[in-house]
Amino acid sequence: MISPYSPAVETPSLPRTLASQVPIIPPPPPPPHSPNLAFPPSPSSLQIPIPPPPPLPPPSPATGAAPPHVFGLEKSHLLKEALEKADPVPGSREDVKRLLKLHKDRFRSDLQWILFCADLPSLIQEGPQCGLVALWMAGTLLAPSSGIPLERLMQMAMERGYSAQGEMFSVADMGKLAQEALGCQAELLCGGLGGPNRNRVLQHIVAGHPLLIPYDEDFNHEPCQKRGHKAHWAVSTGVLLGVQGVPNPGYAEDPELPGLFHPMPSTPCQLPSLPDESSPGAVYLLSKQGKSWHYQLWDYNQVQASNLQLTDFSPSRAADGREYVVPAGGVRAGLCGQALLLRPQDSSH
């Protein structure tokens, strides 16, 4: 383009015969600081405007399961990056099937297996919110129509004095929070997950109700024994039972995993005899916790042992300069050997 302050450029005179047929407009001189081009454009390319490219087609609708709700994703670049790099998040049934195929060699071949599992969404924690995240996930089974935001659970826990920054070191306080926030029944289980409590826990999960469990978390999220130094929370909504025989009718064998049976939807079925406590490797819990959006498969006895040795507050937490709400009597009084059975308010069992 010629600056209005540049001297006018005279158009060279043309023969009348050519000027009347094809008007030619010379290109403007290049600006004084234009870069040297190896292939300068032709005059015609400067005269005829190039039409813009057509708009890109709209993106095709996404297929498969939606990604899990990730609390704090807008604030955490680390979580966002991890979610973007991860494989597509499978639905609950596909995730459970993947898990069972992965661990099929662990299952005793002398038993038949029955899977009871309620679908559960995933939620990733940010900070020490594992207990509140587990409660939020459980709440989708207890109050699915209304729901409650995690932010509200955290606000209530802090206002009631149960927590300073999202941590929950008291199963009793968790029960009170669940009753108030979710309007559900909450039964505090004491004395560990063994003995008479074992059948109560298994019947509770088989009925489709969630169980909140504190335990020590290992590097792979599985239960370990660190005397409470790695105290964490999980919610269990599924159980895999190894039985001598599958009751009929009401169960269908899995087409991909021979020896695995599922209760048939909308079909009355007789509950199987629960495996005896002295029978090792016959009961597995399906659980979720706030550091992964996948189900975890844990041997029941492993969870029981981890839950029963939560005795001490983590030294690293004690030295990190942050405030934590720990009940009188410490971690032993608040978590050790305890769990929470949650049921809808109108449930009769």
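For the protein, the mean pLDDT is 81, and 73% of the residues reach 70 or more.

Because the model is predicted, local features need pLDDT of at least 70 and side-chain atom pairs count only at pLDDT 80 or more, while totals for chains, interfaces and linings use all residues. Residues are numbered from 1 along each chain as its sequence is written, and side-chain values use heavy atoms, with hydrogens and water left out.

The largest nonpolar core has 53 residues. Such a core is a set of buried Ala, Val, Leu, Ile, Met, Phe, Trp, Tyr and Cys residues joined through side-chain atoms within 4.5 Å; buried means under 20% relative accessible area, exposed over 50%, and partly exposed in between, with a 1.4 Å probe and protein chains only. Leu-100, Leu-135, Leu-177, Leu-212, Trp-233 and Leu-342 have the most contacts inside this core. Elements that each supply at least two of its residues include helix H4 (92-102), helix H5 (130-142), strand S7 (231-243) and strand S12 (339-343). Helices (H or I, at least four residues) and strands (E, at least two) are DSSP runs, numbered from the N terminus. H5 gives the most to the core, with nine residues. Another core, of 25 residues, lies apart from it, and Val-239, Leu-241, Val-243 and Phe-261 are among its members.

The aromatic pairs number eight. Rings of Phe, Tyr and Trp (its six-membered ring) pair if their centres lie within 6.5 Å; planes under 30 degrees apart count as stacked, over 60 as edge-to-face and the rest as tilted. A charge sits over a ring if NZ of Lys or CZ of Arg is within 6 Å of the ring centre and within 35 degrees of the ring normal. Two ring pairs and two charge-ring cases are tabulated below.

| Residues | Arrangement | Distance |
|---|---|---|
| Phe-107 and Trp-113 | tilted, planes at 45° | 5.3 Å between centres |
| Phe-169 and Tyr-324 | edge-to-face, 80° between the planes | 6.4 Å centre to centre |
| Arg-198 and Tyr-300 | charged end over the ring | 5.0 Å from its centre |
| Lys-288 and Tyr-295 | charged end over the ring | 4.5 Å from its centre |

Phe-169, in the loop between H6 and H7, and Tyr-324, in the loop between helix H10 (315-318) and helix H11 (330-334), are 155 residues apart. Both Phe-169 and Tyr-324 are buried, as are Phe-107 and Trp-113. Ring pairs also join Phe-107, Trp-113 and Tyr-284 in a cluster.

The disulfide count is zero, with a disulfide taken as a pair of cysteine sulfur atoms within 2.5 Å. Cys-184 is buried at a relative accessible area of 3%, and Cys-336 counts as buried at 18%.

Asn-248 and Pro-249 are joined by a cis peptide bond with omega about -5°; Pro-249 is in the loop between S7 and strand S8 (251-253). Arg-227 has a positive phi, near 60°, and lies in the loop between strand S6 (223-224) and S7. Its relative accessible area is 48%, so Arg-227 is partly exposed. Phi of Ser-266 is also positive, near 60°. Ser-266 lies in the loop between strand S9 (260-263) and S10 and is exposed, with a relative accessible area of 83%.

Notes:
pLDDT = per-residue confidence, 0-100.
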